[in-house]
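This report is for a reader who is new to the structure shown below. Please look it over before reading on.

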Amino acid sequence: MAIDTPAKTSVSRPGRGATGGAARRGSRTGSRLWVKVVVALLLVAELYPLIWMFLTSLKSNDDYLNNSTWSLPTTWEWGNYSEAWTTGNIGLYIQNSLLAVIPALALILLLGTAAGFALQVMVWKGRSLTLLIFLAGMMVPPQMILLPLFTVYFQTGLSGTLWPLILTYTGTGLPLTVFMMATYYRAVPRELFEAATIDGAGILRAFWTISVPMVRNALLTVGLVQFFFIWNDLLIALTFTNNQDLRTIQVGLLNFTGDFGATQYGPLFAAICINVFGTLLIYLFLNQKVMKGLTSGAVKG
């Protein structure tokens, strides 16, 4: 018994170790395989609607109505894109969206960055209460303010212009921007501002020459987030655009019609593709800087 037991033990332990190592390697291989399968499924779920939308934009109206939804185009109607741009007025709608989005986005970034700087870097009485008031603005549903704003814009004579959109987008976008910029400013070392003050820099100079370059990735991130919020808005634009010549891209797609008021599905999907792929290219181009901006305020420097 005393001799056999060590022999059994010495032989069985390497066997168990080899078996355990093989099992662990098999487990790791299996887990990696599942990860690859899940990623592949997510890619299919993301890419397939885009591919289907693009193929549908190349169908004729009869092809879309009479054939299967999943079938390929019988004839590749590339003219749908030119028809969407001209007959569908998609070019005018994009122009109106840019005229509303760019000024609103500039005001949001300027005022939000300045407010974040004042609330986080400057020391003054009541700044905590002011930040809470901005945060309370995030809790107000946009649907609640549409009717009062419509009355104000009508009485002030702003109806029939793009100013209601610009002002409303600015007001609704500021609370989130102020909160995010105040968070990013926490990661900026205070020693930089102290050194600038010792060198004789005032508040405005410290803001423009020190704080703004330090949070430029955050500005890009917040700007892109707000851009997508404003660009994809339908409710506010539908409420305040009472003229066809003032429709934004989302309202234009909602009321998209071809000749004689009939819906042309090929040009409609072509217009949707112009909208979707245009914004997708913007995100892909700025993706890396957006990731840097998202992580820059996570850790205080």
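How many helices and strands does the secondary structure of the chain come to? There are 14 helices and 0 strands.

## Overall make-up

The model is predicted. Read along the sequence, the chain follows the pattern α-α-α-α-α-α-α-α-α-α-α-α-α-α. The chain has 301 residues, and 33% of them are buried.

Among contacts in the chain with a separation of 6 or more, 72% are between residues 24 or more positions apart. The accessible surface of the chain is about 18,000 Å², and carbon and sulfur atoms account for 69% of that surface.

V35, V39, L43, L47 and I51 make a nonpolar surface patch of about 450 Å². One of these residues, L43, lies in helix α1, which covers residues 4-56. L43 has a relative accessible area of 48%, so L43 counts as partly exposed, a class that runs between buried, under 20%, and exposed, over 50%.

## The nonpolar cores

The largest nonpolar core has 34 residues, and the members that touch the most other members are I90, L165, Y169 and I249. Two or more residues of this core come from each of α3 (79-86), α4 (90-120), α6 (142-155), α7 (163-185), α10, α11 (235-240), α12 and α13 (265-285). The element that gives the most to this core is α4, with 8 residues.

Leaving out residues up to four places away in sequence, I90 touches A84, W85, I249, L253 and A271. A second, separate core has 18 residues, including V121, F193, A206 and L219.

## Helix α10

Helix α10 runs over residues 216-231 and has 16 residues. At 1.5 Å a residue, the helix should span 22 Å, and the end C-alpha atoms are 22 Å apart, so the two values agree.

Which residues of α10 are buried? They are A218, L219, T221, V222, G223, L224, Q226, F227, I230 and W231. Of these, L219 is also named in the second core.

## G252 in helix α12

G252 sits in helix α12, residues 249-254. Is G252 buried or exposed? G252 is buried, because its relative accessible area is 0% and buried means under 20%.

Not counting residues up to four places away in sequence, G252 touches Y93 and R247. G252 and I94 are 158 residues apart in sequence, while their C-alpha atoms are 9.0 Å apart in space.

Note on methods
Residues are numbered from 1 along each chain as its sequence is written. This is a predicted model: local features need pLDDT of at least 70, side-chain atom pairs count only at pLDDT 80 or more; totals for chains, interfaces and linings use all residues. Side-chain values use heavy atoms; hydrogens and water are left out. Patches are made of residues with over 30% relative accessible area and no salt bridge: like charges are joined within 9 Å, nonpolar side chains (Val, Leu, Ile, Met, Phe, Trp, Tyr) within 5 Å. Accessible areas come from the Shrake-Rupley method with a 1.4 Å probe; for residues, only the protein chains shown count as cover. A salt bridge is a side-chain nitrogen of Lys or Arg within 4 Å of a carboxyl oxygen of Asp or Glu. Helices (H or I, at least four residues) and strands (E, at least two) are DSSP runs, numbered from the N terminus. Buried means under 20% relative accessible area, exposed over 50%, partly exposed in between (1.4 Å probe, protein chains only). Contact means heavy atoms within 4.5 Å. The expected span of a helix is 1.5 Å times one less than its number of residues. A nonpolar core is a set of buried Ala, Val, Leu, Ile, Met, Phe, Trp, Tyr and Cys residues joined through side-chain atoms within 4.5 Å.
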